[in-house]
Amino acid sequence: MEKIRKASHAGSWYTDNPQELAEQLDGWLRAAGLAKSSDVRGVIAPHAGYSYSGRAAAYAFGNIDPTNISRIFLLGPSHHYYTPKCALSRATVYKTPIGDLPIDEEVNDELKATGHFEYMDLRVDEAEHSMEMHLPYLAKVFQGYPVKIVPILVGALSAESEALYGRFLAKYVDDSKNFFSVSSDFCHWGSRFNYMHYDKSHGAIYKSIEVLDKMGMDIIETGDPDAFKQYLSETDNTICGCHPISVFLHMLKNSSTKIKIRFLRYEQSSQCKSMRDSSVSYASAVGKVDG
């Protein structure tokens, strides 16, 4: 029986008008002007409202060649629901205003059988925006291609759990038909986020934030999950998708296929100049086969 996850953030976080949405995404993808490559097997992309991060996200999704991909794993952080594990969707289809994405129930069953995954109920699924914000881009890029998705809500994992899930999921990296869409924003700065790290030696606050974020991006590009963990514990940078990123780094470390992550775009929602200001950073990366 079909079980639908509605596009619950359409009409607020992004437009629910299909034509408008398609034109918006096309515009951003065109403006990014990237060549599609079949070597691109994954992306790290932001998940804010499209008026904030839609443009930056195009620098991730614009690299995808959909031709040989038949399955997309989504890894997104949990903003409202606490779990120390990873959770799978009970839905059979994820709706978007520009096309629906069916869930690969076979892979869901396979993951559930490991005993390490739980199911999230539909209410939790629809309340979470981290994976939904990737869906319209994926629906656009994979339009006309028969692709299934495997959404994985990544909970508040311990370092051991991140490594464990990375080992479990590594085998899927070695199947070139699989693609990985990892959802994360970068620094959330300001009193409302309870994070106000400021190194004055870098100049204005927004410059200090950029240095902090780029340090993390450089470490992610090395592919070393332990160094990334170290960076997070030293800086406390508020990278909301740190657990999905860590799992992805462990997957790449444990797979035979060598994939290199490269960041292509960095933006901030606004430039913080005083301690009263706030901003969120957005960074887009690709994971490309390193041949």
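Ile220, Glu221, Thr222, Gly223, Leu249, Leu252, Lys253, Lys258, Ile259, Lys260, Ile261 and Asp290 line the second largest pocket. Among the elements, α7 (205–222), α9 (242–254) and β11 (259–268) each give two or more residues to that lining.

This is a predicted model, where local features need pLDDT of at least 70 and side-chain atom pairs count only at pLDDT 80 or more, while totals for chains, interfaces and linings use all residues. Residues are numbered from 1 along each chain as its sequence is written, and side-chain values use heavy atoms, with hydrogens and water left out.

**Exercise 1.** Find how the lining of the second largest pocket divides into nonpolar, polar and charged residues.

*Solution.* Start with the classes: Ala, Val, Leu, Ile, Met, Phe, Trp, Tyr, Cys and Pro are nonpolar, Asp, Glu, Lys and Arg are charged, and the others, Gly among them, are polar. Then sort the lining, which gives 5 nonpolar, 2 polar and 5 charged residues.

**Exercise 2.** Now turn to the largest pocket and describe its lining.

*Solution.* First, the count: 16 residues line this pocket, with Ala48, Asp185, His188, Phe193 and Val280 nearest its centre. Next, the classes: 7 are nonpolar, 7 polar and 2 charged.

**Exercise 3.** Work out the strand order of the open sheet formed by 3 strands.

*Solution.* Reading across, the order is β1-β5-β6, with mixed pairing. At the edges lie β1 (4–5) and β6 (101–102), each pairing on one side only. Finally, look at β5 (residues 93–94), which runs antiparallel to β6 and is joined to it by 2 bridges; here tyrosine 94 stands opposite leucine 101 of β6.

**Terms.** A pocket is an open set of points on a 1 Å grid over the protein atoms alone where a 1.4 Å probe fits, with protein on both sides within 12 Å along at least five of seven lines; lining residues have an atom within 4 Å of a point. Helices (H or I, at least four residues) and strands (E, at least two) are DSSP runs numbered from the N terminus, and two strands pair if DSSP finds at least two bridges between them.
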